[in-house]
Number of protein chains: 2
Amino acid sequence: MLDTNINQAGPDSAPEATERERGGLREELLQTAVDLFAARGFKGTSIRDIAKTLGVSVSVIYHYFGNKEGLWSAILDYSVKGLPARLEAALAGGGHALERFRRVLRAHLAASAHYQKESKIFLIDYDRMSAAGDQASKAIQKRVLDVYVGILEEMQAEGLVKSAQTKILAFNVLGVVNWYLRWYRPDGPLAPEEVYEEIVTFVLYGVIGTPPGRN
Amino acid sequence: MLDTNINQAGPDSAPEATERERGGLREELLQTAVDLFAARGFKGTSIRDIAKTLGVSVSVIYHYFGNKEGLWSAILDYSVKGLPARLEAALAGGGHALERFRRVLRAHLAASAHYQKESKIFLIDYDRMSAAGDQASKAIQKRVLDVYVGILEEMQAEGLVKSAQTKILAFNVLGVVNWYLRWYRPDGPLAPEEVYEEIVTFVLYGVIGTPPGRN
DNA sequence: TGCAGTCCAGAACGATCGTTCGATAGATGT
DNA sequence: ACATCTATCGAACGATCGTTCTGGACTGCA
């Protein structure tokens, strides 16, 4: 057997095309892992499942990511790890409190839609990782919560929010957003913007408790 | 070795106390499994973990539940499988639409608090079970959703709800309730009733979009 | 030409998984 | 007294898990 490493397809395929050149095996691994983790969970997905889906050896995963947790970490790196900064940026811009709250919420919804599977993975498995609980994952959750608690306290100081339990309000907002990425299907009947508007309205009325002004 | 099956504690323990008599091993297994499943997930918990926690052999799990999925099923049997009927009962009572909606929501919150870990297990793993997706679990989710969609459509017909997207509203409600059982800690500073009131208010304002009448 | 570095396959390792099986101690019924 | 049933143990099975290792093909640089 001389050609163990030659692409097995034969004459009709491009003569040289090791996975890497034809699009980056690393990215293919990430995408496949996201799909499988989202469908079966971290523990429910073996690295052999991922490798077999792409028709490659399991070694490539260790080559690119070190181990299985490294793969998980790499997924979070490009997706949810940027969420807190994104929300904090939306918060920092100008405008009155209500306007900024709305902007944060929209940014959150947009990020959840864009990294839907990644966020789902994160939310489902984040408190089951690395035995003692992944520290970084907990920090992400906390920073997101703090953004909401902060803006809600501002709104409360301005009399826009009547409830004193801003933390519970923040949890409720998180519940709506995090549930959204579990039920939303991009091929549904409504345009993404319509869904956003519906959710933003629900949350705004929920926290404010009275119809917001025309803007 | 003559005494392999005698309780190993010796003279200071009650002379006969096979686990079953001293409280029902079956119930102890269920409780232990709930704790571990909630903490590490279904796939992340081995039957040896469960057996070892109680200091018994793995065979007892097969004796009482047939296999690992039977254990999962038994947990759902006494907890979340009764949820749809409970909500439908709350819905069926008298009163106007808003009153019934509030009653359903309260029943849902109470059930989620009472079977907190069981509900958490159900929500996290329900779409990863038995390869093709557990049919019964999906049916539970659907019946709960239908209760909310139904009452919301009633409220919409009465002009209480302005949005036409009752399904999205229902999802939002489910998001709040299902997130509640992830963050709520019974030993927190607030009494359960205060938390309920806070959440009910948030949801009501969210779906109605205007301050509800005094009752 | 040689040599180091990168990329990948395939076999193998020990651990752990869900599950099965025979044995046994005690309770129950005849 | 004997047979049956229930509850439990401990050992074992094959499968699968995450991970490691060896080696080969290729690239880039001296």
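The following dialogue takes up the terms applied to this predicted model and the values behind them.

Visitor: What conventions apply to the numbering and to the values?

Guide: Residues are numbered from 1 along each chain as its sequence is written, and chains are lettered from A in the order in which they are written. Because the model is predicted, local features need pLDDT of at least 70 and side-chain atom pairs count only at pLDDT 80 or more, while totals for chains, interfaces and linings use all residues; side-chain values use heavy atoms, with hydrogens and water left out.

Visitor: What makes up the secondary structure of chain A?

Guide: Chain A has 10 helices and zero strands. Helices (H or I, at least four residues) and strands (E, at least two) are DSSP runs, numbered from the N terminus.

Visitor: Why is helix α7 of chain A described as largely enclosed?

Guide: Nine of the 10 residues of this helix (residues 116-125) are buried, so α7 of chain A is largely enclosed by the rest of the structure. Among the buried residues are Ile121(A), Phe122(A), Leu123(A) and Ile124(A), and also Glu118(A), Lys120(A) and Asp125(A).

Visitor: Which residues touch the most other members of the largest nonpolar core?

Guide: A nonpolar core is a set of buried Ala, Val, Leu, Ile, Met, Phe, Trp, Tyr and Cys residues joined through side-chain atoms within 4.5 Å. The largest one has 146 residues, and Phe101(A), Tyr148(A), Met155(A), Phe101(B), Tyr148(B) and Met155(B) touch the most other members. Not counting residues up to four places away in sequence, Phe101(A) touches partners including Tyr148(A), Met155(A) and Val207(A).

Visitor: Why are Asp35(B) and Lys117(B) called a salt bridge?

Guide: The term requires a side-chain nitrogen of Lys or Arg within 4 Å of a carboxyl oxygen of Asp or Glu. Asp35(B) and Lys117(B) meet at 2.7 Å, N to O, and form a salt bridge. Asp35(B) lies in helix α1 of chain B and Lys117(B) in helix α7 of chain B, so the pair ties together parts that are 82 residues apart in sequence. Asp35(B), at 30% relative accessible area, is partly exposed, and Lys117(B), at 40%, counts as partly exposed.

Visitor: How many salt bridges does the rule find across the interface of chain B and chain A?

Guide: The rule finds zero salt bridges there, although the count over all chains is 16.

Visitor: What makes up the interface between the chains?

Guide: In chain B, 40 residues are in contact with 40 residues of chain A. The buried area, meaning the accessible area (1.4 Å probe) that two parts lose on being put together, summed over both, is about 3400 Å², of which carbon and sulfur atoms give 64%. In chain B, Arg128(B), Trp179(B) and Phe202(B) lose the most area to chain A, together 22% of what that side buries.

Conventions
Buried means under 20% relative accessible area, exposed over 50%, partly exposed in between (1.4 Å probe, protein chains only). Contact means heavy atoms within 4.5 Å.
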